[in-house]
Amino acid sequence: MGVSEAAEAAHASVDGAAAAPAISLRGVVKRFGTITAVAGLDLDVAPGICLGVLGPNGAGKSTTMRMLTAQAIPDEGSISVLGWRLPGESKQARAEMGVVPQLDNLDVELTCRQILTVFARLYRVPAGERPGAVQRALQIANLTERAETKVDELSGGMRRRLLIARGLVHRPRLVLLDEPTVGLDPQVRQELWSLIAALRAEGTTVLMSTHYIEEAERLADTVAVMARGLVVARGKPADLVREHAGTQTHEVYGPAARLEELRAQGARNGWAMRRSGPALAILHAERHDGTLPDGVRRAATLEDAFVVLTGEEIE
Amino acid sequence: MSSTRRGRRRLHRLEPAAVIGVMSRDATVFTRNWKTTTFSSIVEPTIYLLAFGFGFGALITSIGGLDYKQYVGTGIVATAVLFSSAFPGMYGTFLKYRFQRTYDAFLAAPVDTDEIVSAEILWIGMRAGVYGNVPLLVAIAFGLDPRPTALLVPIVCFVTGCAFVAFGVALAATAESIDNFSYITSGVLTPMFLTAGTFFPISSFPAGIEAVARLNPLYHCVQLVRDVVVLGVEPLADLGHFAFLLVFGLSLWRVAIWRMRKRLID
């Protein structure tokens, strides 16, 4: 067990005994025709943590999210959520979790309050508690002033906040966030990050898929990097960076031919490298002191580790 | 946490709370668009009633001992039910699952496909149960004198409506594009509407077509309505008509769930 996993286990322990994972996937495979979207995935999420699933488009993140609500059924393997076995007991699991989808599926004809009231009913919130639950969700999402506004009159950021409020109206123990800030401008993204951070602080278990490095770094206790339908690495962001990208990265700028020549030299010397915008970034630079060409030295980032792990650039 | 407060109750496959929850969404939307929905559902059959009743009614005085206006006034009920059930079942469902992704949102909550489909059928069936009576009320305003058993008409309309919503939902869950509905409207619904015995008896058809027309669910709705409103209940025959509608509806309900599950669950 690595340092980060040990810390995570300690976080999840209750009175010295390890708590059962909030989510557990074992050998999960999901195929769509000839395409294997999820290829034998093993993943545990301890209660009370925020796990960020980071991966490029097509890594299998959204399919994994859909399997956790039984909107996709695995071809192989087993899934349990909050102690319920899926897909047979998925309804019970869904009653205890909230889901914020990547795609906006709000009813545009209804107001914020009407949508939350419908979902409070669907989540079996008792009739007497519904108005209070709706009001609380509106407050969490900072939409109290817009309670009677129809969805098609809300801005993109407000709609996204309403999606989050809809997933929280029943005070779930577990929240699934599928690319919660995709396509939003930086200011709205900051607002949503505050909202998600507040959820974490309350002790709600959060599973968040994202392909934004910064989002994973800022919000997740632990990051699982997915590529080609599998988790290829997992740990605290800082541990992942140290393990896969070292402590320092050396960026060399120059004409394309020069960088190509450098890449060939690096391949011969066994340097780990990646393109970083107009530069060639040499990872684990601290190991090659004195042998590297002129360039700019910077601290290694999760993006460096991500590219090493997945072979793909990311936003 | 709420789950602790409410306990870890095992949820059943077809829960009334989920069905009512989905219907509450439809009812909330209806409070916004009831005028357009009601207009489109009742005006067209009422125009048919007035056009045929007074147009053909001037040429044909009676059919089978019934005044032609009474004949059409009772028959057109089935048309009103068809228009207010099959079309919302087809178009409404298609829009909700394909473009608005409303059903995806429901499925992330503790709601299953069975409950979504059942709720849609019940809600639109209830609306059809009300709208179907409008042509009859118009006919009554123009002199039709109904029997007390006419109070059963909303039940007939509800059952027929549910069956045709299920038919519409099954088609919506099968169609690849909304344009496919043109084939169904022209190739299935229009022939059904014309061979239901609404405007003329199906005995006018050649024997082969008449035999097929007897398998038309709308024909059984027309016969039931005519019997309870003006001709008088014939227990055995009317039970047969009702049973036909029930079997048609229950079969299509299961087909609609099966097709929709294939659409919604990967």
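What follows is a short exchange on a predicted model.

Colleague: What makes the radius of gyration of chain A agree with a compact globule?

Modeller: Take its 315 residues: a compact globule of that length would come near 20 Å. Chain A has 22 Å, so the value agrees. The C-alpha trace spans about 70 × 45 × 45 Å along its principal axes.

Colleague: How many helices and strands does chain A have?

Modeller: Chain A has 11 helices and 16 strands.

Colleague: How do you know that the span of helix 10 of chain A agrees with its length?

Modeller: Helix 10 covers residues 256–269, which is 14 residues. At 1.5 Å a residue, these should span 20 Å. The end C-alpha atoms are 20 Å apart, so the two agree. Just after helix 10, Gly270(A) has a positive phi of about 75°.

Colleague: Why is helix 10 of chain A called hardly covered?

Modeller: A residue is buried if 20 or more other C-beta atoms lie within 10 Å of its own C-beta. Among the 14 residues of helix 10, the count that are buried is 0. Over chain A, 48% of the 315 residues count as buried.

Colleague: What makes up the side of chain A that touches chain B?

Modeller: 28 residues of chain A are in contact with 29 residues of chain B. Helix 3 (90–95) and helix 4 (112–122) of chain A each give two or more residues to that side. Helix 4 gives the most, with 5 residues. The residues of this side divide into 12 nonpolar, 6 polar and 10 charged.

Conventions
Residues numbered from 1 in each chain as written. Chains lettered and ligands numbered in written order. Predicted model: local features only at pLDDT ≥ 70, side-chain atom pairs only at ≥ 80, totals over all residues. Helix = DSSP H or I, 4+ residues; strand = E, 2+ residues; numbered from the N terminus. Rg over C-alpha atoms; globule rule 2.2 N^0.38 Å. Buried ≥ 20, exposed ≤ 12 C-beta atoms within 10 Å, placed from the backbone. Expected span 1.5 Å × (residues − 1). Contact = placed C-beta atoms within 7 Å. Nonpolar A, V, L, I, M, F, W, Y, C, P; charged D, E, K, R; others polar.
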